[in-house]
Each structure stands twice: as C-alpha cells, then as structure tokens.
Amino acid sequence: MDALSWPPGGPLATVRSSVEVAPVAAQTKVYVRLARLPAPASCPAPAAGAARGTGLQSRTGLALLAALARDCRLPPFALLHRDGNGKPRFPDGPDFSISHSRGFAACAVAPPGFSIGIDLEPRDRARAAAVLRIAGEQERAALADGVMTATELWTAKEAVLKAAGAGLPEICGVSVQPAIAHFAGRTYAWRHVHPGQGLVLAIVVDRTMPPVEIRWQAPAVDFPLPNPAWEH
Ligand SMILES: CC(C)(COP(=O)(O)OP(=O)(O)OC[C@H]1O[C@@H](n2cnc3c(N)ncnc32)[C@H](O)[C@@H]1OP(=O)(O)O)[C@@H](O)C(=O)NCCC(=O)NCCS
C-alpha cells in the first residue's frame, strides 16, 4: 500500500549534512521524497549555482537523499560520485535518482539490487507535437486513445533513461508499453504518481515494481556538496 503525505508543510524536521545511519529493516519499498525548492535568498553559496550539479536544485535533491537515510540504509555521502553519463551513484548502491523541475525536486531510493530512475514534471509540461516525434507506433496510438498524456509518455521514457544511466540522445530507443518499458535489451517496470501541485512523477525500476512510499519534505538548504567528483 502506498503512503502519500499531503499537503506539504507541517512539523517537518530539517536534515543536516552529518547523516547518522540508523539501523533500518531490509528495504523492500521505493522511498520518494519531494520538496518545493527554498527561495534562493535562503540558500547561500555557491552564489551562482549555475554549474550543473552544484545549484540550489541539486543541493535540494541531495538534502532529500539525506532525509531518506532515515528509511534507507545509505553509505557515507563522501562516497557519492557521478558516472561517465552524469548519474549520481554510491559505488555499491543502493541506486537512487534525483529529478527537479519548475521549483520542485524529488529523490527516490530503490531497494538493494534495483536500478531506479525518476522524472518529475508539471502535468502539462510536454508538448504533444514534440513527444510525437520521439514516439513509436504503439505509443502514438496510446496518446491518440488517451491512455497516456504526452507528459506521462515523456516522463516514463526519461525515467527509463535515468534508471539505465543513459542520456536524452537515446530517448528514441526507449519503448513504452502499459506498465513496462524496454531499452537497450532490458525490461523495466514503470508507474506514475500524482503527488499534488500539478506534478506528475514517473518511477522506473529494472525489476517488478515494489510498493512506493512518497512524502513531501522540508529539506535543509545548507547541504554541502559531498565531494569534488559531484561538481561537474
Ligand atoms: C539524465 C537526463 C536525461 C536528465 O535530464 P534533466 O532534464 O536534467 O532532468 P532531471 O531534472 O529529471 O534530472 C537531473 C538529475 O538527474 C541526475 N542525472 C544526471 N545525469 C544522469 C544520467 N545519465 N542518468 C541518471 N541520472 C542522471 C542528476 O542527479 C541530475 O540532477 P543534478 O545534476 O542536480 O544532480 C539528462 O541530464 C541527460 O541526458 N544526461 C546525460 C548527459 C550525458 O550523456 N553526458 C555525457 C557526458 S557528461
């Protein structure tokens, strides 16, 4: 059974950079945390935050990951790095995924052994004409029949790419069917959740979809970058 905490706000604790890993039971769910980005003025350096991976939205994603350490067994954050395609990883897992869009951020941690990708967008974000250009025949039929919206198809495809650690240039290689998707010879499970604020969140894993627990969170804004490998 999914748990959805709504509306955002309420008595939420902030999370600091020194994450204490409490003993937790073996993780069997996907845990998702979402947040509205704090106002830039409340978040000091890096001043510009313009470089990819170092700005306010990236640090909010990391703060959400830190918040997830309450539910998931996470390694020390000093081990975080990005692989050659930019996917952030712990060397020995668990896999996690960060997404941000239009003033909101989300982070999801997968159970051990799973790969995960998420994509967060406003519900009306994708333009149908643009999505049709990257859609296969069955996907076009699903759009025409109203089975999926353009944003749902786009987010499902992008979340598959993120689970695979691939990049947008490969999006035409993602084939989406009801509840499953194929990419680069692998099968993925996908689903959408609608967490409020007019947002849609696609969640993709490379195995059977586990239960998903999703909550809004007030992230600490002073989360430092974990190490130089993050800053590119
Ligand atoms: C992955 C990708 C599709 C995400 O698109 P986006 O519009 O930035 O969307 P989102 O906000 O949903 O995701 C951004 C987050 O995804 C994560 N991410 C970045 N690259 C990723 C990848 N290849 N796979 C999985 N996750 C990735 C990061 O956490 C990033 O946030 P951060 O930079 O703040 O840490 C896009 O960044 C991409 O195509 N990356 C690959 C680029 C590439 O191939 N680079 C090779 C040379 S560096």
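How many nonpolar, polar and charged residues does the shell around the ligand have? By class, four are nonpolar, 13 are polar and five are charged. Here Ala, Val, Leu, Ile, Met, Phe, Trp, Tyr, Cys and Pro count as nonpolar, Asp, Glu, Lys and Arg as charged, and the others, Gly among them, as polar.

The model is predicted: local features need pLDDT of at least 70, side-chain atom pairs count only at pLDDT 80 or more, and totals for chains, interfaces and linings use all residues. Residues are numbered from 1 along each chain as its sequence is written. The pLDDT is the predictor's confidence in each residue, from 0 to 100. Its mean over the chain is 86, and 83% of the residues reach 70 or more. Residues 1–22 have pLDDT below 50; beyond near neighbours in sequence, this stretch has 35 contacts in the model. Two residues are in contact if their C-beta atoms, placed from the backbone, lie within 7 Å.

The chain holds four helices and twelve strands. These are DSSP runs numbered from the N terminus (helices: H or I, at least four residues; strands: E, at least two). Of the 232 residues, 37% are buried. A buried residue has 20 or more other C-beta atoms within 10 Å of its own, with C-beta atoms placed from the backbone. Among contacts between residues at least 6 apart in sequence, 64% join residues at least 24 apart.

The ligand is surrounded by 22 residues, and S58, G86, K87, S99 and G167 are the closest. Two or more shell residues come from each of α1 (56–68), β5 (96–101), β7 (116–122) and α4 (150–164). β5 gives the most, with five residues.

Helix α1 has 13 residues. From first C-alpha to last, α1 reaches 18 Å, close to the expected 18 Å. The expected span is 1.5 Å times one less than the number of residues. Eleven of its 13 residues are buried, so α1 is largely enclosed by the rest of the structure. The buried residues include S58, R59 and T60. Their cover includes β2 (30–36), β5 and β6 (104–109).

In soluble globular proteins, nonpolar side chains tend to be buried together. The largest nonpolar core here has 55 residues. Such a core is a set of buried Ala, Val, Leu, Ile, Met, Phe, Trp, Tyr and Cys residues joined through C-beta atoms within 7 Å. A106, A108, I116, V160 and V204 have the most contacts inside this core. α4 gives the largest share, eight residues. Not counting residues up to four places away in sequence, A108 touches V30, Y31, V32, F96, S97, I116, I118 and I203.

Notes:
Near = placed C-beta within 6 Å. Buried ≥ 20, exposed ≤ 12 C-beta atoms within 10 Å, placed from the backbone.
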